[in-house]
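Here are my notes on the model you sent. They are set out as numbered points, to be read beside the coordinates.

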Amino acid sequence: MSLDPARFTHALCRAPARSAVHGIRADGGPDPDFPGLVAEHEAYVATLRELGLAVEVLPPLDDFPDALFTEDVALTFPEGAILLRPGAPSRAGEVEYIRAPLTACHKRLLEMTGPGYADGGDILRLSDRVIIGLSARTDRAGAEELAGLLAELGYRAEIAETPPGVLHFKTGCGLIDERTILAVPALAACPEFDGLEVVTTPPGEEAAANILRIRDTVLVGDRWLATHALLAARGIEVRPLATDQIAHIDAGLSCMSLRW
Ligand code: CIR
């Protein structure tokens, strides 16, 4: 296992389809604006490229409004990839569309067969292990099957709880550096964070927790100024990105790519 989980060289994204405005949202809020959604996605891809990643952008899938969130359908590592079983029925069919692109660039492709479910948004990679968060999308059977597949690739997994009301484990936390987690207050005491420093999101900025570290830069939603200041004070290179439109469909920065 690599020491630094953020030393990525590649990313796999998918352009938003027009149907993306109908993506799942828990609170039944308004649709995002399509041109705004595309602009956020394009800025994200450009940023990953600027940070040195080779980024492949797959074509949109109109039948699957949430397919731009490639993070949820697979896990990718230098050693191989794992096809997941997303917990939302409307997203199950996305997996077949990521199989060929992953086969093309991974020497091993493992696959969940069920009956459990797991979404990539519930998986947090640390330097020495992988945390699988149980959520409305990832059940215990899925987490246990996934832990077995991770072991085949040489990764140790631990299973954690996601607080009620938080869509995915990583909706509520992200890696600042190899030893430090940014987490919403409800996740700050997560026992699986033992041994790590946990920094909580500033009041009112819980939505900032879904940060994405790429090499030495941390991508953060551009509205979360107190979080920017908190990270900058720790010597972190912060890259603010607009997330207003993807937030309408319950997504954040990690969701829009698979990375390895
Ligand atoms: C969904 O509910 O599946 C999408 N609307 C949002 C997925 C966000 N993905 C993530 O947090 N990894």
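1. Where is the place of R215? This is a predicted model, and in it R215 sits in the loop between β12 and β13. Phi of R215 is near 55 degrees, a positive value in a residue other than glycine. Most residues other than glycine have a negative phi, and most peptide bonds are trans. The hairpin that β12 and β13 form has 2 residues between the strands, and R215 takes its positive phi there. With a relative accessibility of 25%, R215 counts as partly exposed.

2. A positive phi is also found at D250, where the value is near 65 degrees; D250 is a residue other than glycine. D250 belongs to the loop between α5 (244–248) and β15 (258–259). Its relative accessibility is 27%, so D250 counts as partly exposed. On the peptide-bond side, the bond from G114 to P115 is cis, with omega near 15 degrees. P115 is located in the loop between β5 (109–111) and β6 (123–125).

3. The sheet around β13 comes next. What is the strand order of this open sheet? It has 3 strands in the order β12-β13-β14, and the pairing is mixed. β12 and β14 are the edge strands, each pairing on one side only. Neighbouring strands of the sheet are turned against each other by 30 degrees on average, direction ignored.

4. Strand β12 (residues 212–214) is joined to β13 by 3 bridges and runs antiparallel to it, with L212 having L219 of β13 as its bridge partner. G221 stands opposite L241 in β14. Between these two strands the chain passes from β13 through helix α4 (residues 225–233) to β14, and this β-α-β crossover is right-handed. A further bridge partner in β14 is P240, which faces V220.

5. Why is β13 described as largely enclosed by the rest of the structure? Strand β13 (residues 217–221) has 5 of its 5 residues buried, so it is largely enclosed. T217, L219 and G221 point one way from the strand, while V218 and V220 point the other way, and all are buried.

6. Strands β1 (residues 10–14) and β2 (residues 54–58) run parallel and are joined by 5 bridges. Within this pairing, A11 has V55 of β2 as its bridge partner.

7. How many aromatic pairs does the structure hold? There are 3 aromatic pairs. In one of them, the ring centres of F64 and Y97 are 5.8 Å apart and the planes stand at 55 degrees, so the pair is tilted. The pair links distant parts of the chain, 33 residues apart: F64 is in the loop between β2 and β3 (74–77), and Y97 is in helix α2 (residues 94–105). F64 counts as buried at 15% relative accessibility, whereas Y97, at 42%, counts as partly exposed.

8. F77 and Y155 form another tilted aromatic pair, with 4.3 Å from centre to centre and 35 degrees between the planes. This pair also links distant parts of the chain: F77 is in strand β3 and Y155 in the loop between α3 (140–152) and β8 (157–161), 78 residues apart. Both F77 and Y155 are buried.

9. On the cysteines, a search of the whole structure finds 0 disulfides. C105 is in no disulfide, and the nearest cysteine sulfur, that of C13, is 12 Å away. C105 is partly exposed, with a relative accessible area of 36%. C255, at 10% relative accessibility, counts as buried.

Key. Residues are numbered from 1 along each chain as its sequence is written. This is a predicted model: local features need pLDDT of at least 70, side-chain atom pairs count only at pLDDT 80 or more; totals for chains, interfaces and linings use all residues. Side-chain values use heavy atoms; hydrogens and water are left out. Two strands pair if DSSP finds at least two bridges between them. Helices (H or I, at least four residues) and strands (E, at least two) are DSSP runs, numbered from the N terminus. Buried means under 20% relative accessible area, exposed over 50%, partly exposed in between (1.4 Å probe, protein chains only). A crossover is right-handed if, with the strands pointing away from the viewer, the path from the first strand over the helix to the second runs clockwise. A disulfide is a pair of cysteine sulfur atoms within 2.5 Å. Axes are lines fitted to C-alpha atoms, for helices over the stretch in contact, and angles run from 0 to 180 degrees between N-to-C directions. Rings of Phe, Tyr and Trp (its six-membered ring) pair if their centres lie within 6.5 Å; planes under 30 degrees apart count as stacked, over 60 as edge-to-face and the rest as tilted.
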